[in-house]
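Welcome! Please take a look at the structure below, and then we can go through some of its features together.

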Amino acid sequence: MRNVALFLLAISAMGASATDYQLETLVDDLSNPWSIAFLPDGDFLIAERDGQIQRLRPDGSRQSLAGVPETYFAGQGGFFDILLDPEFTQNRTVYLSYAHGTSSNNGTGVIRARLGEAGLENSELILLSEPARATPQHYGGRLLFLPDGSLLVTVGDGFEYREAAQDVDQQLGKILRIYADGSVPPDNPFFARGGPAAKVWTYGHRNSQGLALGVSGEEVFMHEHGPYGGDEVNHVLPGKNYGWPAVTKGIDYSGAYVSPFTEHPSMEAALISWSPSIAPSGFAVYSGEAFPEWQGSLFVGALVNQEVRRLTLKEGRIVAEEALFAELEMRIRDIRQGPDELLYILTDEGSLVRVKPD
């Protein structure tokens, strides 16, 4: 194990940003890390896409949790987001999204379980997207609790099922909303339709790997992958249609048009879009005091560009964009604000990096 806990890279942001920072690598030998959660005792939970959850301690030691579910680890499938219950200190409950099923019959699943000394206990499946698909791509898999205690789950379009994103009676290409026990909130926008539509909160998405609350605690922002171009950040509202694949600024990988339309008055326009693609993954809205100049900024991991994009939001509009942390020269998989008000970055290369004031 190449544990380099608390090894200081001592990289300064002088000249790269108005804000000076240091990047501190905590570990660099994780396997396919996808998401991070922060335990009250200072430990980290890291979901690794190949089907492990690591508990990392500040001293650099780690524990691979027992009791995790089996996952379909193929293509883009595996473990995705790990999230603590809002009442974790009382109930020790965690949530995990993952690729559930087999090559011919799989979907985005969510379990909830109690975190015990050895691992996950009393696990139960509270969501499995439907219909099932037979592809190992485009799962979505981001989780977010709303202030009312309901849970949002992003579900990708399954790659080969993109037309389903416009059908509210199918859960592919959607953000779903459930309660923590898997039951359905009766104020969901399509609740009255029953069936799969009852859980749909927004639709017209391709593959969202970013979901975050604004600093007010009320606004919800998400980002998603376009095809060849057309990545975007959206302010999402219940019942709204975000266009895919009827509206997109991207083209197919073959070079063919997905759609002749880049906008439509009945569909929501993105706050910002990128062509060529940056491949967004991980999302944070900064609200801490450690970096006052960054307060209210949106931080989007960029896999292709191997950097993080900081977006300045003003009166509901993106007014500035800045590239940060490119000196890591790694694909950014997740970025989160920790309870210490610092930023934490996970990379596809297996590193957990803390961003500190210089």
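Here is a short briefing on aromatic rings, nonpolar cores and strands.

This is a predicted model, in which local features need pLDDT of at least 70 and side-chain atom pairs count only at pLDDT 80 or more, while totals for chains, interfaces and linings use all residues. Residues are numbered from 1 along each chain as its sequence is written, and side-chain values use heavy atoms, with hydrogens and water left out.

**Aromatic rings**

- There are 14 aromatic pairs in the structure; rings of Phe, Tyr and Trp (its six-membered ring) pair if their centres lie within 6.5 Å, and planes under 30 degrees apart count as stacked, over 60 as edge-to-face and the rest as tilted.
- Tyr286 and Phe291 have ring centres 6.1 Å apart and planes at 65 degrees, so this pair is edge-to-face.
- Trp294 and Phe299 also make an edge-to-face pair, with 5.3 Å from centre to centre and 65 degrees between the planes.
- Tyr286 and Phe291 are both buried, where buried means under 20% relative accessible area, exposed over 50% and partly exposed in between (1.4 Å probe, protein chains only).
- Trp294 counts as buried because its relative accessibility is 0%, and Phe299 is buried with a relative accessible area of 0%.
- One aromatic cluster is formed by Tyr21, Tyr286, Phe291, Trp294, Phe299 and Phe325.

**Charges over rings**

- Arg133 lies over the face of Tyr139, 4.1 Å from the ring centre; a charge sits over a ring if NZ of Lys or CZ of Arg is within 6 Å of the ring centre and within 35 degrees of the ring normal.
- Arg206 lies over the face of Trp244, at 5.4 Å from the ring centre.

**Nonpolar cores**

- In soluble globular proteins, nonpolar side chains tend to be buried together.
- The largest nonpolar core has 29 residues, and Trp294, Phe299 and Phe325 are among those with the most contacts inside it; such a core is a set of buried Ala, Val, Leu, Ile, Met, Phe, Trp, Tyr and Cys residues joined through side-chain atoms within 4.5 Å.
- Several strands each supply at least two residues of this core, including strand E2 (21-27), strand E4 (44-48) and strand E24 (343-347); strands (E, at least two residues) are DSSP runs numbered from the N terminus.
- A second, separate core of 20 residues includes Leu83, Val155, Phe190 and Ala197.

**Val285 and its surroundings**

- Val285 belongs to strand E19 (residues 280-285) and is buried, with a relative accessible area of 11%.
- Val285 and Leu298 are 13 residues apart in sequence, yet their C-alpha atoms are 4.6 Å apart in space.
- Beyond its neighbours within four places in sequence, Val285 is in contact (heavy atoms within 4.5 Å) with residues including Ala212, Leu213, Leu298 and Gln337.

**Strands side by side**

- Four strands make an open sheet in the order E15-E16-E17-E18, with antiparallel pairing; two strands pair if DSSP finds at least two bridges between them.
- Its edge strands, each pairing on one side only, are strand E15 (208-213) and strand E18 (272-274).
- Five bridges link E15 with strand E16 (residues 220-224), and Leu211 has Met222 as its bridge partner in E16.
- E4 and E5 run antiparallel and are joined by five bridges; in their hairpin, with three residues between the strands, Gly51 takes a positive phi near 105 degrees.
- Strand E5 (residues 52-56) is largely enclosed by the rest of the structure because four of its five residues are buried.
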